Amino acid sequence: MFFSNLLRTVFVSTLLTVFCLHGPSQSAHADPEVDIDIWVGSVVGQPGDSGLEIPVYLTNHTDTVSAFELQFQMDDPSVATFTADLDTVGTLLSGWQYLSCRVLTLDEEEFLRLTAIANIDSGSCVPGFGPQSGEVPLARLSVSLANLPVPTVDSVEINVSYIPPIEFEPPWPDTSEYDSCAWVMDTAYYRCNFWVPPDTCQCLDWSRVYEPPYDSLHTDSTFQCWGDSLVVHTTPGYIRILFPVCGNIDGSLDGLVTMGDLTLLIDHLFISLEPLRWPSIGNVDGSSDDLVTMGDLTKLIDHLFISLDDLECPMNGVM
């Protein structure tokens, strides 16, 4: 129902994007004058991680949100990049009929554009989400971290901006608060998939389409409000980059060398023979061959239980 209006949002209002940068926060902004809060969660990852999920949250204090468009940008794309995967399971967008998650390059800078519409099918009705406090994620974005052996940064900031307008549905807001509220003609186009018999006017199966060719159309009107003048507060999130620590073979995010690392090394050498994620941090005896051998196992046992001497990984950048 809102598709025709959102086309204008996607292709015209892109020029209206303004980036709002604020300090890190794990909760919604509490200012009562703010209509919409949007903030990105913070996570911890290691170099080489792929499919790292970044939660995004939205709080709408008064009205039901039925369509919107958000844009995300990394402050250091050489360390972390977006993928076009979007996880909506158990989120506010679960069941929405139109979702588009695209990685775009504009003016040599990379962005992730998320476009969402609750209801585009006239045969069913998917409401947006009503006023809520942001306890449930809006969605989860997917990020990949470059496999950098030498630390360059310890965190990457993810900025979020919204592309006006944000669209609402019943219960309608107080129209005096918004610049754009009107009855809007909405046209739906349909294409027949199966005529019976062929070349007749009887259609047994049809689909809604958004461009020619089409076989029929249906025009209706709906009262829509757009948040052109909304007060929207946005807060960036962070990916904390935890670089390899000498002897932290199991990649635990606490960066500590423990029995878990010893167990994994024994498994690697004698049981499953599974390769280590970072062989160089398993080379704890300081040998220049960069191989993980019985010498490293002996050194790790000595470090944990006997002399407690420091481990020695010759690889540059490994602590």
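User: Which side chain does the side chain of Arg-113 make a polar contact with?
Analyst: In this predicted model, the side chain of Arg-113 makes a polar contact with the side chain of Gln-71, at 2.5 Å.

User: And where is Arg-113 found?
Analyst: Arg-113 belongs to strand β7.

User: Is Arg-113 buried or exposed?
Analyst: Arg-113 counts as buried because its relative accessibility is 3%, and buried means under 20%.

User: Turning to the nonpolar core: how many residues does the largest one have?
Analyst: The largest nonpolar core has 42 residues. Those with the most contacts inside it are Ile-38, Phe-68, Phe-72, Leu-93, Leu-138 and Ile-239.

User: Which elements give two or more residues to this core?
Analyst: They are β1 (36-40), β3 (52-60), β4 (64-74), β5 (80-87), β7 (109-117), β8 (139-145), β9 (155-162) and β15 (237-241).

User: Which of them supplies the largest share?
Analyst: Strand β4 does, with five residues.

User: What does Phe-72 touch?
Analyst: Leaving aside residues up to four places away in sequence, Phe-72 touches Val-40, Val-56, Phe-82, Glu-110, Phe-111, Leu-112, Leu-114, Leu-141, Ile-158, Asn-159 and Val-160.

User: Which residues does the second, separate core include?
Analyst: That core of 13 residues includes Leu-276, Val-284, Val-292 and Cys-313.

User: Now the rings. How many aromatic pairs are there?
Analyst: The count comes to three aromatic pairs.

User: Which residues do ring pairs link into a cluster?
Analyst: The cluster consists of Phe-68, Trp-96 and Phe-129, linked by ring pairs. Phe-68 is also among the residues with the most contacts inside the largest nonpolar core.

Notes
Residues numbered from 1 in each chain as written. Predicted model: local features only at pLDDT ≥ 70, side-chain atom pairs only at ≥ 80, totals over all residues. Heavy atoms only, no water. Phe/Tyr/Trp six-rings, centres within 6.5 Å; stacked < 30°, edge-to-face > 60°. Core = buried A, V, L, I, M, F, W, Y, C linked by side-chain atoms within 4.5 Å. Buried < 20%, exposed > 50% of the residue type's maximum accessible area, 1.4 Å probe, protein only. Helix = DSSP H or I, 4+ residues; strand = E, 2+ residues; numbered from the N terminus. Contact = heavy atoms within 4.5 Å. Polar contact = N/O pair within 3.5 Å; in protein donor to acceptor, adjacent residues only side chain to side chain.
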